[in-house]
Each structure stands twice: as structure tokens, then as C-alpha cells.
Amino acid sequence: MNKLATDSLRLKAAIEFGSEYLYTIRNGGHGATLYIHADNKSSASRIRSKAPDYWEDLFVIVTYYTHSDEEDETPVDLQ
């Protein structure tokens with residue numbers, strides 16, 4: 001998938017699901033995957049209820065960051 005197609009899908013996702021989330025597209029274990037990054041768990045739960053498991057032939061994964069005191073913050077997968 002080229003950069004123009006990726007950017008177009010990211011924009012379409014922002015219009016459809018909301019601009020308050022960050023969207024990235026990468027190849028994953030299920031093929032091309034749309035990652036939706038939320039700020040917190042409640043925001044991630046809201047978007048998970050709106051976003052389907054597959055969207056525009058992309059597998060969808062919703063992540064959020066736990067806000068801990070640790071320096072290394074890793075995203076948590078809601079799948």
C-alpha cells in the first residue's frame with residue numbers, strides 16, 4: 001500500500017470514527033492493520049464499540065496507553 005492510499009484511509013477513518021484518535025496502518029499478523037490509538041481506557045472502550053473488527057479490508061486494533069509512573073509506556077491491546 002503506497003503512502004497516498006495509507007493517508008487517504010487514515011483520513012477516512014478520522015472522519016468516520018472521530019478525530020480525537022490517532023490512526024496508523026501497518027502490516028501485522030492479520031495482514032494490513034488499522035491501529036486506532038486512544039488516550040485512555042474509557043476512550044478506547046468507546047471507539048472499540050464503534051469500530052468493526054474489519055474496516056476497508058483492514059484488521060482493526062484499538063490500543064491505549066496506561067499512564068503509569070514508569071518511563072516505558074506500552075500500548076494495551078483491547079482485542
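This is a short chat about the predicted model shown above.

Reader: Before we start, what kind of model is this, and what counts at which pLDDT?
Author: It's a predicted model: local features need pLDDT of at least 70, side-chain atom pairs count only at pLDDT 80 or more, and totals for chains, interfaces and linings use all residues. Residues are numbered from 1 along each chain as its sequence is written, and side-chain values use heavy atoms, with hydrogens and water left out.

Reader: OK, how many helices and strands in the protein?
Author: Two helices and five strands, in the order α-β-β-α-β-β-β from the N terminus. Helices (H or I, at least four residues) and strands (E, at least two) are DSSP runs, numbered from the N terminus.

Reader: How do β1 and β2 run, parallel or antiparallel?
Author: Antiparallel: seven bridges join β1 (residues 22–28) to β2 (residues 31–38). They form a hairpin with two residues between them. Strands pair if DSSP finds at least two bridges between them.

Reader: And which residue is the bridge partner of Ile-25 in β2?
Author: That's Leu-34.

Reader: Switching to α2, which residues are buried there?
Author: In α2 (residues 41–50), Ser-43, Ala-44, Ile-47 and Arg-48 are buried, meaning under 20% relative accessible area with a 1.4 Å probe, protein chains only.

Reader: Why are they on the same side of α2?
Author: Because they cover an arc of only 135 degrees around the axis, taken from the directions from the helix axis to the C-beta atoms.

Reader: So what covers them?
Author: The cover includes α1 (3–17), β2 and β4 (58–65).

Reader: How much of the whole protein is buried?
Author: Buried residues make up 35% of the 79 residues.

Conventions:
Buried means under 20% relative accessible area, exposed over 50%, partly exposed in between (1.4 Å probe, protein chains only). Contact means heavy atoms within 4.5 Å.
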